[in-house]
Amino acid sequence: MAFSLLTRRALVVIRNNHPCESFNVESLARSCGVSRRVLERQFRKDLRESPLGIINQFRINRAKHLLITTSSAITEIAEDIGFADVKSLRHHFRKIVGTTPGIWRREQKSQISLT
């Protein structure tokens with residue numbers, strides 16, 4: 001699938017900046033030199049998702065990595081990946097993954113120990 005130059009640029013910016021709590025759609029749009037509305041329209045066209053949705057997907061993927069590779073508390077992970085609190089992490093994690101971070105971590109660790 002071919003994405004617009006704007007979408008490709010924005011995805012690179014997200015990949016490089018998503019862990020920061022202050023990183024949001026407004027700062028992403030500024031980094032790309034466009035308005036928030038232009039960015040949102042292009043993301044909907046190219047990805048069928050909002051910029052915030054994509055930012056949160058990157059954050060959740062990072063959370064999954066940290067849940068498996070570290071023993072950090074979920075509260076620490078939430079802070080490290082840019083969520084305001086653990087409640088926000090749980091909400092978005094459940095929305096994207098279908099379960100809570102704690103349950104997901106236990107399931108992954110038990111699968112690893114079985115292999």
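**Arg59 over the ring of Phe83.** In this predicted model, Arg59 lies over the face of Phe83, at 5.6 Å from the ring centre; a charge sits over a ring if NZ of Lys or CZ of Arg is within 6 Å of the ring centre and within 35 degrees of the ring normal. Residues are numbered from 1 along each chain as its sequence is written, and side-chain values use heavy atoms, with hydrogens and water left out. Because the model is predicted, local features need pLDDT of at least 70 and side-chain atom pairs count only at pLDDT 80 or more, while totals for chains, interfaces and linings use all residues.

**The aromatic pair of Phe93 and Trp104.** The structure holds one aromatic pair, for which ring centres must lie within 6.5 Å, the six-membered ring being used for Trp. The centres of the Phe93 and Trp104 rings are 5.9 Å apart and their planes stand at 70°, so the pair is edge-to-face (planes over 60 degrees apart). Since Phe93 lies in helix H6 (residues 86-97) and Trp104 in helix H7 (residues 101-114), the pair ties together parts that are 11 residues apart in sequence; helices here are DSSP runs of H or I with at least four residues, numbered from the N terminus. Phe93 is buried, at a relative accessible area of 0%, and Trp104 also counts as buried, at 9% (buried means under 20% relative accessible area, exposed over 50% and partly exposed in between, with a 1.4 Å probe and protein chains only).

**Ser88 in helix H6.** Ser88 has its place in helix H6 and is partly exposed, with a relative accessible area of 24%. The C-alpha atoms of Ser88 and Ala78 are separated by 8.0 Å, these residues being 10 apart along the chain.

**The crossing of helices H2 and H3.** The axes of helix H2 (residues 25-32) and helix H3 (residues 36-47) come within 9 Å and cross at roughly 95°, where axes are lines fitted to C-alpha atoms over the stretch in contact and angles run from 0 to 180 degrees between N-to-C directions. That makes H2 roughly perpendicular to H3 (65 to 115 degrees). Val25, Glu26, Leu28 and Ala29 of H2 meet Arg36, Leu39 and Glu40 of H3 in this contact, contact meaning heavy atoms within 4.5 Å. By class, the contact has four nonpolar, no polar and three charged residues (Ala, Val, Leu, Ile, Met, Phe, Trp, Tyr, Cys and Pro count as nonpolar, Asp, Glu, Lys and Arg as charged, and the others, Gly among them, as polar).

Definitions and conventions: Rings of Phe, Tyr and Trp (its six-membered ring) pair if their centres lie within 6.5 Å; planes under 30 degrees apart count as stacked, over 60 as edge-to-face and the rest as tilted. Helices (H or I, at least four residues) and strands (E, at least two) are DSSP runs, numbered from the N terminus. Angles under 35 degrees count as roughly parallel, over 145 as roughly antiparallel, 65 to 115 as roughly perpendicular and the rest as oblique.
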